Amino acid sequence: MDPKLTEVSQLFERFKAALSRKDFDSCTMFLSQLKVMLTEFRSLPPLFEETPNAVHELTLARDIYEHAVVLSVKTEDQDAFERDFFQLKPYYTDARNRLPPSSQEHPILGLNLLRLLVQNRIAEFHTELELLSSSALENPCIKHAVELEQSFMEGAYNRVLSARQTVPHETYVYFMDLLAKTVR
């Protein structure tokens, strides 16, 4: 394996260990280093060059950005969430045909929809919905955000408040709490 790829993989393992320990300061430091290291991989967006390790590099980068999104939720940093989500999005759209599916894709797309709802960016919410496939719209994580938006628009605030009890993913709690504050 490429030495750069090995180095990034090892640092990513340290990042994940710090994340599981809830050592968010170390996570932030590791993440900054990882993002800089990723810039050396020519197979990543926007170049998408065909390199011998392209699939491995793309998969590793996607995993790093997915963890970055989760970190931003755990640190309750909406600006970081938005930045990390936009860095991750090309891996779900442009690199879709090159990579195996990610188990975190739908939870993260749903989180982004929830964030847009919390920030009252309804037009962007609907734009993001338009970009999703029909199979993605059937995913419980996406459905949750869509049903919340419908309840919110109908003025059924009791459904919005009770939806916190049925979140499809543990990372949704932060945005659900913000939405509950908005409703109250």
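Predicted model: local features only at pLDDT ≥ 70, side-chain atom pairs only at ≥ 80, totals over all residues.

Me: Let's start with Glu154: is this residue buried or exposed?

Reply: Glu154 counts as exposed, because its relative accessibility is 54%. Buried means under 20% relative accessible area, exposed means over 50%, and partly exposed is in between (1.4 Å probe, protein chains only).

Me: How many salt bridges does the structure hold?

Reply: It holds 14. Another one links Glu138 and Lys143, and there the closest N and O atoms are 3.6 Å apart. Glu138 is exposed at 53% relative accessible area, whereas Lys143 is partly exposed at 35%.

Me: What about Arg121, who's the partner there?

Reply: Arg121 forms a salt bridge with Glu124, with 2.7 Å between the closest N and O atoms. Glu124 counts as partly exposed, at 36% relative accessibility.

Me: New topic: the inside. How many residues are in the largest nonpolar core?

Reply: There are 60, and Phe15 and Phe175 have the most contacts inside it. A nonpolar core is a set of buried Ala, Val, Leu, Ile, Met, Phe, Trp, Tyr and Cys residues joined through side-chain atoms within 4.5 Å.

Me: And which helix gives the most to this core?

Reply: That's H3, with 9 residues. Helices are DSSP runs of H or I with at least four residues, strands are runs of E with at least two, and both are numbered from the N terminus.

Me: Why would nonpolar residues gather like that?

Reply: In soluble globular proteins, nonpolar side chains tend to be buried together.

Me: OK, helix H6. Which of its residues are buried?

Reply: In H6, which is residues 122-131, the buried ones are Ile122, Phe125, Glu128 and Leu129. They sit on the same side of H6, because they cover an arc of only 120° around the axis. The arc is taken from the directions from the helix axis to the C-beta atoms.

Me: What's on the face turned away from that buried side?

Reply: The exposed residues Ala123, Glu130 and Leu131 are there.

Me: And what do the buried residues of H6 pack against?

Reply: They pack against helices H4 (78-92), H5 (105-118), H7 (134-137) and H8 (140-154). Contact means heavy atoms within 4.5 Å.

Me: Which residues of H10 are buried?

Reply: Those are Tyr174, Phe175, Met176, Leu178, Leu179, Ala180 and Val183. What covers them includes H3, H4, H5, H8 and H9.

Me: Where does Thr171 sit?

Reply: In the loop between H9 and H10. Thr171 is buried, as its relative accessibility is 6%. Leaving aside neighbours within four places in sequence, Thr171 is in contact with Val70, Val73 and Leu111. The C-alpha atoms of Thr171 and Val70 are separated by 7.1 Å, though the two are 101 residues apart along the chain.

Me: Which side chain does the side chain of Thr171 make a polar contact with?

Reply: With that of His169, at 2.8 Å. A polar contact is a pair of N or O atoms within 3.5 Å; within protein, one must be able to donate a hydrogen and the other to accept it, and residues adjacent in sequence count only if both atoms are side-chain atoms. His169 is buried too, with a relative accessible area of 15%.

Me: Last one: which residues does UniProt list for "domain: PCI"?

Reply: The unreviewed UniProt entry lists residues 79-184. UniProt positions are given in the numbering used here, feature names are shortened, and annotations may be inferred rather than shown by experiment. Over residues 79-184 the chain is 70% helix and 0% strand, and the end C-alpha atoms are 24 Å apart.

Conventions
Residues numbered from 1 in each chain as written. Heavy atoms only, no water. Salt bridge = Lys/Arg side-chain N within 4 Å of Asp/Glu carboxyl O.
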